[in-house]
Structures are given as structure tokens and as C-alpha cells.
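Subject: A structure for you to explore

Hi there,

Here is the structure I promised to pass on. Please open it next to this email and follow along as you read.

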Amino acid sequence: MNGPAKVLRCLLVTCLLSMPLLLKAQSTAKTCVLQVNPLLHGKPAEHGLLIGKVNGDSIAIHTFQFYLGNFTLLKNGKTVWQAKNRYSLLDINDAGTCTITLKTGVAFDALAFDLGTDSLTNVSGAMGGDLDPTKGMYWAWNSGYVNFKLEGYAEKCPTRNHQFEFHIGGYMPPFQTVQPIEFSDLKTGNIQVDIELSGFFEHMDLAKTHTVMSPSETSAKLAQLLAKTFRVHGN
Amino acid sequence: MATKLSAAVLFSGILYLVLVAALPAFHPQPVSLKYPDSWPSPAYDFSKNRLTKEGIELGRQLFYDPVLSKDSTVSCSSCHLSYTAFTHVDHALSHGIADRIGTRNSPALTNLAWAGSFMWDGAVNHLDVQALAPISSPVEMDETIENVVKKLQRQPAYTTLFFDAFGDSTVTGEHLLKALSQFELTLISANAKYDRVMAGKDNFTEQEQRGYHLFQKNCARCHAEPFFTNYRFENNGLPLDTTLNDYGRGAVTKQPQDSLKFKVPTLRNIEFSYPYMHDGRFRNLQDVLNHYARADSLGIKLSSNEKVDLVAFLLTLTDRDFLFNPDFAFPRK
């Protein structure tokens with residue numbers, strides 16, 4: 001084998017050998033894994049449906065999509081890590097989206113994040129990734145993100161096919177819908193967050209409130225209701 | 001065995017190098033907006049969408065391409081024609097469009113980089129997301145951005161253009177919208193006779209000069225120079241058209257004090273952007289001035305000579321370099 005070829009070979013071999021090392025160095029970094037579980041009476045979705053009874057009425061949820069973002073880790077009340085400009089769109093019909101891995105490399109005891117998009121995100125023009133308008137979570141006629149979509153059927157709804165449809169968003173005062181959520185006293189980086197949707201439906205009358213599609217006082221209230229259903233379990 | 005292995009490694013190495021060399025190069029050419037030194041800096045945040053020759057060209061192709069509509073019949077230029085300052089000439093209410101938008105006259109697209117809100121009622125808060133409204137309007141383009149992206153992805157000519165502009169041949173909603181913005185941001189009208197007079201390169205006639213004074217006294221507080229709009233929402237006294245019931249800004253903010261306020265439109269190229277007002281109710285400038293003279297509107301009383309003078313001034317806002325700029329016209333391939 002001649003000189004230049006030898007050098008090239010050495011180089012290539014070194015590159016190839018160091019690849020796994022590089023990958024490994026990354027995966028040993030400290031991470032926070034957030035597993036989000038949308039539930040109805042403790043049961044996850046089956047075949048894309050969350051089914052159960054709330055206030056004596058049968059309901060079936062077929063669509064539940066929502067943004068989580070502005071993930072922040074804290075230690076002793078101080079911010080130690082922040083994910084800038086990052087939003088994840090979670091979807092009960094796409095299980096993979098409900099696990100969020102944050103590569104942090106720091107020790108922490110509390111996690112804070114937003115349910116929904118903040119006002120800066122709503123006025124900053126076209127965005128990519130999960131915020132891309134092709135994800136179907138952007139209002140065309142009155143600019144702004146839909147922070148969560150919750151749709152399904154309930155016997156009680158006086159609508160066509162007994163459907164309820166909530167597209168909740170809005171960033172302009174007085175109808176802001178983004179909700180800050182914080183979990184403290186965390187012991188491990190594997191965090192199980194349950195969203196018990198019965199808590200959302202128990203506090204409303206689907207016979208009266210069944211279709212909310214634009215920012216209003218009702219959407220602001222529904223956003224608060226949903227935020228209250230987020231709980232950490234077994235941490 | 002060892003030689004076989006090293007040969008394999010060597011081979012894959014060479015393959016890798018060849019592939020890298022064969023990848024198309026991404027070298028977009030930066031462009032900076034040209035506008036008079038006396039103007040303020042634009043409101044648009046260019047740090048999130050750097051203007052490039054390739055981005056602008058892609059935006060222009062998209063602006064003129066009916067692929068953005070469901071049955072490929074309507075493009076942005078159907079309602080925004082370059083030769084008429086990008087309005088829908090001679091149409092009071094832009095046709096082919098349903099619901100709300102069917103109740104409005106298409107505005108001129110000029111100097112958009114300085115605007116902070118869009119549409120007659122400001123319902124759209126950023127130029128990038130404006131195009132989502134016409135694309136998804138049921139009777140106009142009747143499309144979804146998801147489907148437009150899919151259609152473009154199937155056209156190799158477009159995937160090349162997207163790569164050249166953004167370094168990624170995967171078409172995304174973000175890049176589509178940013179490209180449209182890039183083209184629209186270049187639609188700058190700054191070379192009317194008015195501009196040349198201000199720059200000391202030309203002179204008003206006596207009549208135009210008288211009209212300019214009348215304008216400054218009566219109109220400039222809303223139609224503020226140099227954009228001929230203060231970009232705010234005002235009520236200029238138009239009575240509600242009860243066949244349309246368009247309350248403008250009030251319907252967006254749901255605040256009673258905003259009822260019947262509309263965004264002050266620019267008066268640049270006003271000679272060509274008739275018919276006038278959000279619903280196109282006036283066919284000529286004489287009708288507009290007669291409206292402003294009414295006691296129950298703004299009560300701006302002008303003699304017939306003064307009206308002629310004021311109109312003479314308004315005609316100095318016609319910018320032929322803008323109207324006939326080949327860079328803005330239909331792209332010949």
C-alpha cells in the first residue's frame with residue numbers, strides 16, 4: 001500500500017472508530033425524561049379513543065393535541081437549565097409524541113413548563129418544527145396558535161352527532177390562555193405526568209359549553225381547567 | 001482478510017467523499033432592502049428571515065402560482081395585480097372569496113416591511129402568517145397549507161428552489177411562508193414624484209404645492225408621511241353598510257371603542273388602487289373628498305378649487321417605477 005492511501009486509511013479508520021465514542025459521550029449526559037399520560041378515569045386511550053363516564057354521561061374523546069414548551073429545570077428554587085424556543089406538540093393519536101427527553105446535564109429538583117404557547121411565540125411570524133402551521137394548530141383568520149384541541153362526543157351535547165369541539169388559544173389580554181405548570185420535590189429525572197381529563201369535564205356543562213373555537217373568556221377558563229388536571233405520579 | 005477489510009473501508013471512504021462533493025451547494029446571496037435614508041427602520045424582524053436573492057425569487061414564483069389554490073385557478077396575483085399597486089383593480093369586493101374576506105376590498109401591497117399588523121382590521125399580526133388566510137379561505141383558494149406543501153414537494157423545480165433558498169429541499173410551511181414574505185417585503189414604493197421632491201430632485205407645481213399644504217393640514221394626522229398611513233386603526237366616519245355589518249377592529253378586540261375602526265390605508269399609488277375604502281364603496285377620489293366633507297364624517301370642508309389641488313397632490317404619489325418594476329411582475333421562466 002502506498003503513502004497517501006495509508007494516510008487516508010488511517011484517517012478513515014480513526015473517524016469510524018471515534019464515531020461510537022462521540023455518540024456515547026452524548027448519551028451519558030444527564031437527561032430528564034417526561035412521560036405524559038392523557039387519561040380518562042385512569043385509563044389511557046385505546047384505538048385512539050378515551051372513553052368513560054363523567055357526571056353520569058358517556059363521553060368519547062377522539063382528538064387531544066396540545067403544546068408544552070419553555071421547559072425549565074430548577075434546583076433549590078433557582079433556574080439551572082432552560083430549553084429556549086422549544087415547543088412540543090403532543091397528540092393522543094401519536095404515542096411517540098408523549099415522551100419528551102430533555103438533555104440537560106445538570107442536577108435539578110423541580111421542573112416548570114408552559115401548557116400552550118407564550119405571547120412572543122404568537123407574534124413572531126412563521127415557525128418550524130412542531131410550530132409549523134402545517135401541523136394544523138394555527139388560526140388563519142385571527143393570528144395565533146391553538147394551544148390545545150380537545151374534540152369528541154358526549155350524549156349531552158345538543159350538537160350535530162353530539163360533538164364537542166374545543167380549540168383553545170389566545171395570547172392577547174384579557175383572554176390569555178397559556179398556563180404555567182410547575183412540579184417540585186422531584187427525586188428522579190424520569191417524570192410521569194398524568195393528565196386526568198375527568199377533572200376537566202367534571203367542572204363544565206357539556207349541554208351548554210360544547211363549541212369554543214376562538215379566544216374568549218370561556219377559552220381562558222377552559223385553559224385553566226385543563227392545567228389543573230396535570231399531576232406528577234410516583235416521583 | 002485484513003486487506004479485504006481495509007479495501008472495504010477505503011472504498012466506503014471514497015464513496016463518502018464522492019457523495020459529499022456531489023451534494024448541491026447552498027450559497028444564498030444576501031440582499032438588503034433599499035429605501036430612502038430618511039425613512040425609519042422597518043418593523044419586520046429580518047434576523048428571523050434573512051433576505052436572499054433565492055428566497056425572494058422563490059416567493060415571487062409562489063405569489064404568481066395558482067398551485068396555492070385547490071383547483072389551481074387562483075394565485076395571489078389574481079387579487080393583487082402589480083400594475084395596480086397590487087390591488088384587485090375595479091373590484092369593490094374581491095371576488096371568489098367567501099365569508100369575511102368576501103366583504104372586503106383588496107388593499108395595495110406596498111411598504112409592508114413597516115407595517116405592524118395586516119388586514120383592514122389588523123386581525124393578522126405578522127406578515128409571515130398573512131398568507132394562511134387567503135390560502136385557507138373556502139371560496140378563494142380553498143386549500144390547506146398542509147396540502148400546498150405536499151403539492152410543492154412533488155414538483156422537482158420547487159424542491160430545487162426551496163433548497164437554494166433555505167438549504168433544505170423538504171418543503172415546509174415555515175419556509176413557504178417566509179419565502180412569500182421575502183418577496184412581499186421587496187415591494188417598496190419610494191420613487192413617486194413626492195419622494196423626488198422631498199429628496200430635492202424635483203419640484204411640485206404650484207397647484208400640487210397648495211394640495212400638499214391642504215393634505216398636511218387635513219389628512220396627514222392619519223395618512224402620515226412618508227408611508228401615508230400611521231399604521232393605526234381609525235374611524236374616518238364611514239356609515240356602517242348594513243348589508244355587510246363589518247365592524248372592523250372592534251370585531252377583533254371585542255372592545256366597544258374599536259367598533260368601526262379600520263386600518264388607515266396608504267395613499268401611495270392611490271391613482272391606481274380604486275375603488276376605495278375597506279368595502280370599495282367609492283369609485284373615485286372626488287367621492288372620497290365629498291365623503292370627508294360631510295358633517296357626520298370628518299367635516300373637512302374644501303372648496304371645489306381646493307379639492308382639485310388636493311387631488312393634484314395625491315397624484316404625485318403615483319410611483320411608476322414601482323408599478324412597472326420588472327422584478328415584481330409575473331416571473332418568466
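Let's start on the surface. B:Leu81, B:Tyr83 and B:Phe324 make up a nonpolar patch there, and together they have about 290 Å² of accessible area. Please keep in mind that this is a predicted model. To find B:Leu81, look in the loop of chain B that runs between helix H3 (76-79) and helix H4 (127-130).

**Inside chain B**

The largest nonpolar core has 67 residues. Those with the most contacts inside this core are B:Leu58, B:Leu62, B:Phe63, B:Leu68, B:Phe86, B:Leu152 and B:Phe162. Helix H8 (residues 173-185) of chain B contributes the most to this core, giving six residues. Apart from this core lies another one, of 49 residues, which includes A:Leu73, A:Leu90, A:Leu206 and A:Val212.

If you leave out residues up to four places away in sequence, B:Leu152 touches B:Leu62, B:Val67, B:Tyr158, B:Thr159, B:Phe162, B:Val171 and B:Leu176. The other is B:Phe162, which you will find in helix H7 of chain B. Is B:Phe162 buried or exposed? B:Phe162 counts as buried, because its relative accessibility is 0%. Leaving out residues up to four places away once again, B:Phe162 touches B:Leu58, B:Leu62, B:Leu152, B:Gly167, B:Asp168, B:Val171, B:His175 and B:Leu176. For a sense of scale, pick B:Phe162 and B:Asp246: they are 84 residues apart along the chain, and their C-alpha atoms are separated by 39 Å.

It is worth looking at the whole of that helix too. H7 of chain B covers residues 156-166, and its buried residues are B:Tyr158, B:Thr159, B:Phe162, B:Phe163, B:Ala165 and B:Phe166. An α-helix has 3.6 residues a turn, so residues three or four places apart point the same way. What do the buried residues of H7(B) pack against? They pack against H2, helix H6 (145-153) and H8 of chain B. Just after H7(B) comes B:Gly167, with a positive phi of about 70 degrees.

B:Asn49 counts as buried because its relative accessibility is 3%. Its side chain is joined to that of B:Tyr44 by a polar contact of 3.0 Å. Setting aside its neighbours within four places in sequence, B:Asn49 is in contact with B:Tyr44, B:Asp128, B:Phe166, B:Lys178, B:Ser181 and B:Gln182.

**Chain A at a glance**

Chain A has four helices and 14 strands. Of its 235 residues, 47% are buried. Chain A exposes about 11700 Å², and carbon and sulfur atoms supply 55% of that area. Among contacts in chain A between residues at least 6 apart in sequence, 72% join residues at least 24 apart.

**Some backbone details**

Most residues other than glycine have a negative phi, and most peptide bonds are trans. With that in mind, here are some spots to look up:

- The peptide bond from A:Pro173 to A:Pro174 is cis, with omega near 5 degrees. A:Pro174 sits in the loop between strand E10 (163-169) and strand E11 (179-183) of chain A.
- The peptide bond from B:Tyr274 to B:Pro275 is also cis, with omega near -10 degrees. B:Pro275 is in the loop between strand E2 (262-263) and helix H12 (285-293) of chain B.
- A:Asn161 is not a glycine, yet its phi is positive, near 55 degrees. This residue lies in the loop between strand E9 (144-154) and E10 of chain A, and A:Asn161 counts as partly exposed because its relative accessibility is 47%.
- B:Asn111 is not a glycine either, and has a positive phi of about 50 degrees. You will find B:Asn111 in the loop between H3 and H4 of chain B, where B:Asn111 is buried, with a relative accessible area of 2%.

Enjoy exploring, and write back with any questions!

Best wishes

Definitions and conventions. Residues are numbered from 1 along each chain as its sequence is written. Chains are lettered from A and ligands numbered from 1 in the order in which they are written. This is a predicted model: local features need pLDDT of at least 70, side-chain atom pairs count only at pLDDT 80 or more; totals for chains, interfaces and linings use all residues. Side-chain values use heavy atoms; hydrogens and water are left out. Patches are made of residues with over 30% relative accessible area and no salt bridge: like charges are joined within 9 Å, nonpolar side chains (Val, Leu, Ile, Met, Phe, Trp, Tyr) within 5 Å. Accessible areas come from the Shrake-Rupley method with a 1.4 Å probe; for residues, only the protein chains shown count as cover. A salt bridge is a side-chain nitrogen of Lys or Arg within 4 Å of a carboxyl oxygen of Asp or Glu. Helices (H or I, at least four residues) and strands (E, at least two) are DSSP runs, numbered from the N terminus. Buried means under 20% relative accessible area, exposed over 50%, partly exposed in between (1.4 Å probe, protein chains only). A polar contact is a pair of N or O atoms within 3.5 Å; within protein, one must be able to donate a hydrogen and the other to accept it, and residues adjacent in sequence count only if both atoms are side-chain atoms. Contact means heavy atoms within 4.5 Å. A nonpolar core is a set of buried Ala, Val, Leu, Ile, Met, Phe, Trp, Tyr and Cys residues joined through side-chain atoms within 4.5 Å.
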